[in-house]
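The structure is shown first, and the discussion follows.

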Amino acid sequence: MQIILVSGLSGSGKSIAIAVLEDIGYYCVDNLPLAMLQPLVDCLRLEGHERIAIAIDARSSTSFAQLPAITEALRAEGADLRVIFLEAKTLSLVKRFSETRRRHPLSSDSVSLQEAIQLERERLADIAPLAHRIDTSDLSPSALRLWIKELIGQDRSRLTLLFESFGFKHGIPLDADLVFDVRCLPNPHYVAELRPLTGRDQPVQAFLEASPDAMSLLADIRTFVENWLPCFIRDHRAYLTVAIGCTGGQHRSVYFAETLAAAFRQREQVLVRHRELA
């Protein structure tokens with residue numbers, strides 16, 4: 001049985017994730033109390049369901065301490081279990097709630113929206129380390145749908161190495177495990193004919209490959225990841241997100257993410273994300 005637990009902050013996209021999973025054939029349950037997880041799995045297994053997705057939110061936080069034991073028990077029964085955690089910056093969440101006029105589930109007359117978001121972060125703090133995290137702060141719904149589909153398509157028995165480009169002017173991704181800064185390199189943005197292009201385009205690639213500093217930094221990052229990746233694998237990590245940032249997330253970081261992904265794809269399970277291009 002394949003089981004996906006979806007958790008995260010209210011407004012971060014859990015409903016979108018559950019809808020995607022339902023569309024690709026998962027039996028989905030929203031806002032399930034954690035104490036009901038094992039009985040639900042037992043019931044659905046007897047009914048012949050092989051793929052289920054369950055959303056868990058902060059209202060079940062009193063039982064979160066049981067989650068590691070529950071997940072280990074399910075895996076011991078042979079279940080392929082994954083945990084996905086969606087998060088976003090507070091300002092992004094405030095904007096979303098303001099636009100939709102939804103009420104935060106933890107807000108009240110005495111608790112403001114920002115206080116409710118912070119309270120929810122604290123209640124969910126124990127789940128995030130167990131999960132693959134996705135920062136949806138700057139993602140469109142269509143980009144999140146694509147990322148969820150790509151993630152589900154990976155072989156769960158192997159570590160997924162994810163290279164993510166981003167722009168520092170928009171903030172560091174919340175889901176990054178390793179962060180590298182390439183802003184010290186020559187910037188194609190200041191070359192008029194390269195400005196509208198991205199790091200996926202050959203002229204930008206040729207511009208950076210002509211820079212000895214860029215090639216040296218690229219080799220250093222590749223060596224660092226190669227040297228330390230076995231440690232993350234021995235730690236039974238399911239995902240490792242390597243974030244590479246430049247100023248705007250359009251040229252240098254995109255080139256580095258694509259080039260590193262191509263280098264590691266020959267022997268590892270690799271995904272590429274470009275946050276600012278999404």
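Does tryptophan 228 count as buried, partly exposed or exposed, and what is its relative accessibility? In this predicted model, tryptophan 228 has a relative accessibility of 45%, and therefore counts as partly exposed. Phenylalanine 224 is likewise partly exposed, at 37% relative accessibility. Because they are four residues apart in helix 8 (residues 212-234), phenylalanine 224 and tryptophan 228 are separated by about one helical turn, and together with Phe180 they form one aromatic cluster.

| Pair | Centre to centre | Angle between planes | Arrangement |
|---|---|---|---|
| Phenylalanine 224 and tryptophan 228 | 6.5 Å | 40 degrees | tilted |
| Tyrosine 255 and phenylalanine 256 | 5.9 Å | 75 degrees | edge-to-face |

Tyrosine 255 is buried, with a relative accessible area of 3%, and phenylalanine 256 is buried with a value of 0%. Elsewhere, arginine 183 lies over the face of phenylalanine 168, at 3.7 Å from the ring centre.

The largest nonpolar core has 32 residues, of which Ile3, Leu5, Leu37, Ile54 and Leu74 touch the most other members. Several elements each supply at least two residues of this core, among them strand 1 (2-8), strand 3 (51-55) and helix 5 (113-123), while helix 2 gives the most, with four residues. Isoleucine 3, leaving aside residues up to four places away in sequence, touches Val41, Ile52, Leu74, Ala79, Asp80, Leu81 and Arg82. Apart from this core lies another of 29 residues, among them Leu185, Val204, Leu229 and Tyr255.

Technical notes. Residues numbered from 1 in each chain as written. Predicted model: local features only at pLDDT ≥ 70, side-chain atom pairs only at ≥ 80, totals over all residues. Heavy atoms only, no water. Core = buried A, V, L, I, M, F, W, Y, C linked by side-chain atoms within 4.5 Å. Buried < 20%, exposed > 50% of the residue type's maximum accessible area, 1.4 Å probe, protein only. Contact = heavy atoms within 4.5 Å. Phe/Tyr/Trp six-rings, centres within 6.5 Å; stacked < 30°, edge-to-face > 60°. Lys NZ or Arg CZ within 6 Å of the ring centre and 35° of its normal.
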